Amino acid sequence: MLLTYKKPDGTEAKVRLKTISHSSPVTIGRDKNAHIALDDPQSSRINTAIRYWDDIFIVRDMESSNGTVLNGEKIEVAKLSPGDIIKVGNTEISVVAEMSRSDVTAMIKQHD
């Protein structure tokens with residue numbers, strides 16, 4: 001899966017989530033050491049974390065000041081799926097499914 005969001009300068013950033021069980025979480029927040037460092041004063045230093053666990057991605061609020069919102073609902077912990085929108089402070093992050101090589105091959109064969 002990919003996370004996409006707009007930087008303050010208007011450019012789009014993409015971050016690929018790795019499907020490695022029990023790996024370190026991807027952190028989101030204002031801290032320059034966060035995996036996704038936001039220039040957003042409404043975000044906590046480490047606001048949100050995403051981890052791959054038992055074949056699913058889990059998004060978790062890290063006890064932030066303004067919380068983490070998933071699809072319009074404030075959450076503590078939730079399953080992450082393609083099409084979801086995570087809101088951290090004033091920043092919206094879209095969750096996008098990636099196509100595997102076999103998906104692309106199947107699409108090409110359907111068009112032949």
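Predicted model: local features only at pLDDT ≥ 70, side-chain atom pairs only at ≥ 80, totals over all residues.
**Entry 1: order of elements.** I began by walking along the protein chain from the N terminus, and I read the elements as β-β-β-β-β-β-β-β-β-β-β-α.

**Entry 2: the chain as a whole.** Next I looked up some totals. Of the 112 residues in the protein chain, 35% are buried. The chain exposes about 7,400 Å², and carbon and sulfur atoms supply 47% of that area. I also checked contacts with a separation of 6 or more: residues 24 or more positions apart account for 32% of them.

**Entry 3: an open sheet.** In which order do the five strands of the open sheet stand? I traced β4-β3-β5-β6-β9, with mixed pairing. β4 (36-37) and β9 are at the edges, and each has a single partner strand, so one side of each lacks a neighbour in the sheet. I then followed β9 to its partner: β6 and β9 pair in the antiparallel sense over four bridges. Here Arg60 has Val77 in β9 as its bridge partner.

**Entry 4: β10 and its partners.** I turned to β10 and found antiparallel pairing with strand β7 (residues 68-70) over three bridges. β10 and β11 make a hairpin with two residues between them. In the turn I noted Gly89, which has a positive phi of about 65 degrees.

Entry 5: Which residues of β10 lie on the covered face, and which on the uncovered one? I put Ile86 and Val88 on the covered face, with Ile85 and Lys87 on the uncovered one.

**Entry 6: the core.** Ile86 came up again when I looked at the largest nonpolar core, which has 21 residues. Ile86 is among those with the most contacts inside it, along with Leu3, Leu17, Ile50, Val59 and Leu80. Which strands each supply at least two residues of this core? I listed β1 (2-6), β3 (26-29), β5 (48-53), β6 (56-61), β9 (77-80), β10 (85-88) and β11 (91-96).

**Entry 7: around Leu3.** Last, I looked at what Leu3 touches, leaving out residues up to four places away in sequence. Among them are Leu17, Ile50 and Ile86, as well as Ile36, Ile93 and Val95. Lys14 and Ser94 are on the list too.

Terms used: Residues numbered from 1 in each chain as written. Heavy atoms only, no water. Core = buried A, V, L, I, M, F, W, Y, C linked by side-chain atoms within 4.5 Å. Buried < 20%, exposed > 50% of the residue type's maximum accessible area, 1.4 Å probe, protein only. Contact = heavy atoms within 4.5 Å. Pairing = 2+ DSSP bridges. Areas by Shrake-Rupley, 256 points an atom, 1.4 Å probe, with all protein chains shown as cover.
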